[in-house]
Amino acid sequence: LCEKIEKKKECLTRRKGEIVKAKATGQINHKEIDNDNDLEKVFYRTHFQYLIQHKGKLYIEEEIEERAAEFYKNILVEDYEINPYDRLAEESAAPVEVENSHERNLYIYDRLEAVKYAERWWNDFNPAYEKFDVDCTNYISQCLHAGNSPMRGYPNRSKGWWMKNKNWSYSWSVANSLRWYLPGSMAGLRGQEVKDPMDLELGDVICYDFQGDGRFDHTTIVTAKDQDGMPLVNAHTFNCRMRYWAYEDSTAYTPNIKYKFLHIVDDQ
């Protein structure tokens, strides 16, 4: 845990920011005990809160980690974060049909409502929707829908963007599919790729390819900006709020990481 905080401090230093105060609370989920070998494994959840000062502005960043601690004869031998993306299925390669229609489903994206939803549910699950172990894109889709983005394409899972009758499109729930769907959509919910994260607005979307292998693993929504005009984001799976967009302090980060910055466009 100390290593995690040190890494975050290093990232903040590069931005000319600092952690004013840090707090961590934990809750045990369950235990696995092997009495024959004097081994015990404890699975727990940690809630981190950081009071951050960045160029005269104070804000609170929060993160949730699922962790495991292993003990031998009551002596701690290992403590580590459980990476939820280890459970990522081959569904991440789910297809998205190329659109051939230019029809317009007129709507105006309500960025405030999308951000309000992102704040309300950043560390919880809305029972009105299905939930997943790898829940990041499902959460972002809910935020976009709260912002008045219209569903369409039901019941074809590889077409459109929707969740209905306990079923859903790939683009609704799979990071790689949403990454391709948004800039390819010609009606309803659609996005335009921009080159610089500073060009994003509240309610816009960032997609992450942690390994740089062309398959996008994670999705976040912009909920605030720092003093440099850079995005702060909310997300699920790695539940967090007001996190700096680059994820350089994440255990999922690699030097090969690639990003897609997607500005949600509407008919206004």
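## Ring contacts, salt bridges and burial in a predicted model

The charged end of R179 lies over the ring of W180, 3.7 Å from its centre; a charge counts as sitting over a ring if NZ of Lys or CZ of Arg is within 6 Å of the ring centre and within 35 degrees of the ring normal. R120 is placed likewise, its charged end sitting over the ring of W121 at 3.7 Å from the centre.

This is a predicted model, in which local features need pLDDT of at least 70 and side-chain atom pairs count only at pLDDT 80 or more, while totals for chains, interfaces and linings use all residues. Residues are numbered from 1 along each chain as its sequence is written, and side-chain values use heavy atoms, with hydrogens and water left out.

**Aromatic pairs.** The structure holds 14 aromatic pairs. Rings of Phe, Tyr and Trp (its six-membered ring) pair if their centres lie within 6.5 Å; planes under 30 degrees apart count as stacked, over 60 as edge-to-face and the rest as tilted. One of the pairs joins Y154 and W162, whose ring centres are 5.0 Å apart and whose planes stand at 90°, so the pair is edge-to-face. Y154 is partly exposed, with a relative accessible area of 38%, whereas W162 is buried, at 1%. Here buried means under 20% relative accessible area, exposed over 50%, and partly exposed in between (1.4 Å probe, protein chains only). Elsewhere, ring pairs link Y208, F210, Y244, W245, Y247, Y259 and F261 into a cluster.

**Helix α3.** Helix α3 covers residues 136-146; helices (H or I, at least four residues) and strands (E, at least two) are DSSP runs, numbered from the N terminus. Of its 11 residues, 9 are buried, so α3 is largely enclosed by the rest of the structure. The buried residues are C136, T137, N138, Y139, I140, S141, Q142, C143 and L144. S141 has a relative accessibility of 0%. When residues up to four places away in sequence are not counted, S141 touches W161, S171 and W172, contact being heavy atoms within 4.5 Å. After α3 comes N148, whose phi is positive, near 85°.

**Salt bridges.** A salt bridge is a side-chain nitrogen of Lys or Arg within 4 Å of a carboxyl oxygen of Asp or Glu, and by this rule the count comes to 26.

| D226 | R15 | 3.0 Å |

D226 and R15 form a salt bridge at 3.0 Å. The pair links distant parts of the chain, 211 residues apart: D226 is in the loop between β9 (218-225) and β10 (231-235), and R15 is in the loop between α1 (2-14) and β1. D226 is buried, with a relative accessible area of 5%, and R15 also counts as buried, at 11%.

E70 is partly exposed, with a relative accessible area of 24%, and K41 is partly exposed at 24%.

E193 belongs to strand β7 (residues 190-194) and K260 to strand β12 (residues 258-265), so the pair ties together parts that are 67 residues apart in sequence. E193 is partly exposed, at 34% relative accessible area.

A network of salt bridges links K4, K8, E61, E63, E65, R67, D79, R243 and D249.

**N29 and its contacts.** N29 lies in strand β1 (residues 17-34) and is partly exposed, with a relative accessible area of 43%. Leaving aside residues up to four places away in sequence, N29 touches F43, Y44, R45 and E66. N29 and E66 are 37 residues apart in sequence and 9.2 Å apart in space, C-alpha to C-alpha.

**A nonpolar surface patch.** L39, Y72, I75 and V77 form a nonpolar patch on the surface, with about 370 Å² of accessible area together. Patches are made of residues with over 30% relative accessible area and no salt bridge, like charges being joined within 9 Å and nonpolar side chains (Val, Leu, Ile, Met, Phe, Trp, Tyr) within 5 Å. Accessible areas come from the Shrake-Rupley method with a 1.4 Å probe, and for residues only the protein chains shown count as cover.
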